[in-house]
Amino acid sequence: MSAAVNAAPSGAPARPDTWRDGHPVGEVADAAPCAACTPARFAPGDPGRVVVDGPESAADVLVPAVGFRDRERCVAAFLDTKHRLLGTATVSIGSIDHTFMGPREVFRDALLANASALVLAHNHPSGDPEPSRDDEMVTRRLARAGEMLGIDLLDHLVVGGARWTSLARRGVL
Ligand SMILES: [Zn+2]
């Protein structure tokens, strides 16, 4: 007898995973930057209202904060156990083609926010949302650091203007 490797356990119907299933590239309508949607160092969200349940809703929260910047910027959305938005923070601000995304910077604010999960996003000022090899390596490294801390890195969006690419849906996470 041969069993399918990816079969759902105990005959339960396979539930779609909104982080992993779907198109990896998206676009946010009305993603022009505005002062009001720029994350502060730590901006408390409104628990119980915004649920970040996939790359599309993560993009709605994060793309306006980085999309049209002329320097690379990394931002994070911190989520509770039910993936409700606890708040957002700017992790780092870099140069035209690089920003630093170290575990210390990423997880310091996540721990302070008491987050169970987080989503990262950084922009490419060139407007090209294609992830670099470095983006993929950094993302895997951050996911491993998060595992040790009990904070799940759900996704990392690479943003070019209003367009974004989900590294979770690319299979990197
Ligand atoms: Zn990048």
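A residue counts as buried if 20 or more other C-beta atoms lie within 10 Å of its own. By that test, helix H1 is mostly covered in this predicted model. Nine of the 12 residues of H1 are buried. Strand S5 is mostly covered too, with seven of its seven residues buried.

**Helix H1**
- H1 takes in residues 55-66.
- At 1.5 Å a residue, its 12 residues should span 16 Å; the end C-alpha atoms lie 15 Å apart, which agrees.
- The buried residues in H1 are Pro 55, Ala 58, Ala 59, Val 61, Leu 62, Val 63, Pro 64, Ala 65 and Val 66.
- What covers them? Their cover includes strands S1 (25-27), S3 (73-79), S4 (85-93), S5 (117-123), S6 (152-160) and S7 (163-166).

- Ala 117, Val 119, Ala 121 and Asn 123 point one way from S5.
- Leu 118, Leu 120 and His 122 point the other way.
- Residues on both sides are buried.

**Strand S5: its partners**
- S3 and S5 run antiparallel and are joined by six bridges.
- In this pairing, Ala 77 stands opposite Val 119 of S5.
- S5 also pairs with S6, in the parallel sense, over seven bridges.
- Here His 122 stands opposite Val 158 in S6.
- Between S5 and S6 the chain passes through helix H3 (residues 133-149), and this β-α-β crossover is right-handed.

**Where the two topics meet**
- S5 is among the strands that cover the buried residues of H1.
- Its pairing partners S3 and S6 are also part of that cover.

Methods:
Residues are numbered from 1 along each chain as its sequence is written. This is a predicted model: local features need pLDDT of at least 70, side-chain atom pairs count only at pLDDT 80 or more; totals for chains, interfaces and linings use all residues. Helices (H or I, at least four residues) and strands (E, at least two) are DSSP runs, numbered from the N terminus. The expected span of a helix is 1.5 Å times one less than its number of residues. Two residues are in contact if their C-beta atoms, placed from the backbone, lie within 7 Å. Two strands pair if DSSP finds at least two bridges between them. A crossover is right-handed if, with the strands pointing away from the viewer, the path from the first strand over the helix to the second runs clockwise.
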